[in-house]
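Here are some notes to keep beside you as you look through this model for the first time. Take the points in any order you like.

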Number of protein chains: 2
Amino acid sequence: MIPAQFPTPPESQALNIATSQFSALANSHRYVHCIVKLGGAAITRKDELETVNDPVLSATTLHLREAMGLSYTNVSMDWSRRNGSSIVDLVPNSTDQHLGFQNPFVVVHGAGSYGHFQASKSGVNKGDLKNPLVKAGFVATRISVTKLNQGVVRSLALEGIPAVGISPFSAGWSTQNKALKRDNVLEVQRAVDAGFVPVVHGDAVLDSTLGCTILSGDVLVSRLAQVIKPNFVNFHTNVPGVFDRSPEQPGATLLREIVVYEDSSWTIVDPPLGIGSNGGVETAVAAHDTTGGMSTKIAEAASIAAMGIDVFIVEELLML
Amino acid sequence: MIPAQFPTPPESQALNIATSQFSALANSHRYVHCIVKLGGAAITRKDELETVNDPVLSATTLHLREAMGLSYTNVSMDWSRRNGSSIVDLVPNSTDQHLGFQNPFVVVHGAGSYGHFQASKSGVNKGDLKNPLVKAGFVATRISVTKLNQGVVRSLALEGIPAVGISPFSAGWSTQNKALKRDNVLEVQRAVDAGFVPVVHGDAVLDSTLGCTILSGDVLVSRLAQVIKPNFVNFHTNVPGVFDRSPEQPGATLLREIVVYEDSSWTIVDPPLGIGSNGGVETAVAAHDTTGGMSTKIAEAASIAAMGIDVFIVEELLML
């Protein structure tokens, strides 16, 4: 848990470029209870190309149902064919159920074993669309990540969560030299206002300097949190949380609570390890850089906490 | 062929709502050779739920390749798994091919046996998101149409066309009492500028009066044509073109060329049937209303022709 004590926005490349192309929301929008980031490593089998980790995704879906406070029994909203099954039987007969819920959520997911292969094989994140491999890789990456997005949306819809996919590239999110330049938070909020659960994903996007790059799910979460101001943000990963070193190393300690201050300095308050810092988040990140995607996650999480929004980094099944 | 003699925009509900939320393009954008509408009835098997008409889609893809003037031999840009096949072999080894093409296209497709069932079962086009069936149907419709979109994008990408899916709902297209209220043509044009072939589709969208409705592919084409101003627009259907009555009736005659005038009156010039009209397009539409989706198509085609853009309505395999 990283509760923020000071709600002042932090210094951050991705967040501080104030142009008219960024969304700003009026007060008339529906509040968002939580932005959930489903880590690609958690919901896919990272070592098997384009394979969803079904047990994890199913469990997550059920936790999400619960956390949203869905008041109705399951009404399947996925009426599409699955492995040749007829779709007619899946249409709910009863129309007298109220499909409301107490706690609006926004879901963002990473790519895991979808997209990662295509992107790394082609170097999409470095740009240069004149390079044929990059151009082909951009197309291939988008095919793969939107395939996963459809899988996630269908998993949620099958359990009665009114999920709607929103693709950042389609919606006009783009970058300049890898830093967010245009967003479209408004479309995400509009979907929430209409009673849906938007499901956004890390995507290949256009970059005005480089031609193209990868916009990560973690950066999306950070920007969405800044504009939407949810009650809290939940990062679901495939490890139990943040450790003081790689969790595979002997003596690795789970850091249960980190306080992030206005000036981006932080203190670990639980357990009371005596590890404090005036050196900013980078120090914490450095301590974790062997745990793969954890560094970006912590940096983005800290920037969200510094906005005054509580952040939880948890393993899949400990959701809420 | 419906060549327009007068490039003045026609009166049209969908086109004449001039608000700041509509796109306007600067001159710096890449020109678009053609907007192709792939009819849902053509690319899917209309009587089989969620089934692509593979021979038609494959043939269309090859025609599109040719029409775009792709200068390179096939470089697959679909590196995703298909029926369990390994994806590694599909990545092109050669990176020295130039993936440019002479004629930029925008592709729009209908829903056919995708989405139609879900939408009609729930009444999404009539709106009312407070009705649980409509709300569930909105989710179900979007799942189905985005599934088809992915199929079309993958078919094009497999043949080396740099296709990128753009979902109208994601991109912020929305309506007011069924008439287009906000578009996002700019994102489509940006994808063209970056060297891609955007693939847009009929979608379930939010409606500020009704809650939600269906935005048809034909309306999308009309709006895209108005802003993008392509050289011509191509409607691909499952019949050879426009007839003077239902093509199934005896004596039905194919109308080879119709001229649409500034005031929306029109004349059939080939064959010289002596059928002229001062009565506007409605008369022509009425003559065809038994051919299913043809009426909307003709109305939208006539409105595009009146903008000064040649429109072709052709059967799939006679593409260009």
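The numbered points below go from the single chain to the pairing of chains, and then to some local details.

1. **Ground rules.** This is a predicted model, in which local features need pLDDT of at least 70 and side-chain atom pairs count only at pLDDT 80 or more, while totals for chains, interfaces and linings use all residues. Residues are numbered from 1 along each chain as its sequence is written, chains are lettered from A and ligands numbered from 1 in the order in which they are written, and side-chain values use heavy atoms, with hydrogens and water left out.

2. **Chain A as a whole.** You will find nine helices and 13 strands in chain A; these are DSSP runs, numbered from the N terminus, with helices being H or I of at least four residues and strands E of at least two. Of the 320 residues in chain A, 59% are buried, where buried means under 20% relative accessible area, exposed over 50%, and partly exposed in between (1.4 Å probe, protein chains only). Among contacts in chain A with a separation of 6 or more, 74% join residues 24 or more positions apart; contact means heavy atoms within 4.5 Å.

3. **Annotated positions.** An unreviewed UniProt entry marks A:Ala111, A:His116 and A:Gly217 as "binding site". They span 107 residues in sequence, yet no two of their C-alpha atoms are more than 12.5 Å apart, so they gather at one spot. The unreviewed UniProt entry also gives "binding site" at A:Gly112, A:Gly293 and A:Lys297. Please keep in mind that UniProt positions are given in the numbering used here, feature names are shortened, and annotations may be inferred rather than shown by experiment.

4. **Surroundings of these positions.** A:His116 belongs to helix α3 (residues 116-122) of chain A, and A:Gly217 to helix α7 (residues 217-228). A:Gly217 is buried at a relative accessible area of 6%; leaving aside neighbours within four places in sequence, A:Gly217 contacts A:Lys37, A:Val108 and A:Gly202. A:Lys297, in helix α9 (residues 294-305) of chain A, is also buried, with a relative accessible area of 9%. Not counting residues up to four places away in sequence, A:Lys297 touches A:Lys37, A:Asp218, A:Phe235 and A:Thr237.

5. **How the chains meet.** How many residues does the contact take from chain A and from chain B? It takes 59 from chain A and 59 from chain B. Between them the two chains bury about 4,900 Å², 67% of it on carbon and sulfur atoms; buried area is the accessible area (1.4 Å probe) that two parts lose on being put together, summed over both. In chain A, A:Trp79, A:Lys135 and A:Ile143 lose the most area to chain B, together 14% of what that side buries.

6. The rule finds two salt bridges between chain A and chain B, a salt bridge being a side-chain nitrogen of Lys or Arg within 4 Å of a carboxyl oxygen of Asp or Glu. A:Glu187 forms a salt bridge with B:Arg182, with the closest N and O atoms 2.9 Å apart. On the side of chain A that touches chain B, α4(A) gives the most, with 17 residues. A:Lys147 is located in helix α4 of chain A; not counting residues up to four places away in sequence, A:Lys147 touches A:Glu50, A:Tyr114, B:Ser80, B:Arg81, B:Gln150 and B:Arg154.

7. **A covered helix in chain B.** Helix α7 (residues 217-228) of chain B has 12 residues and reaches 16 Å from its first C-alpha to its last, close to the 16 Å expected at 1.5 Å a residue; the expected span is 1.5 Å times one less than the number of residues. In α7(B), 12 of 12 residues are buried. After α7(B) comes B:Lys229, with a positive phi near 55°.

8. **Backbone details.** Most residues other than glycine have a negative phi, and most peptide bonds are trans. The bond from A:Asp270 to A:Pro271 is cis, with omega near 0°, and the bond from B:Asp270 to B:Pro271 is cis, with omega near 0°. B:Glu50 has a positive phi near 50° and is buried at 6% relative accessibility. B:Asp128 has a positive phi of about 75° and is partly exposed at 42% relative accessibility.
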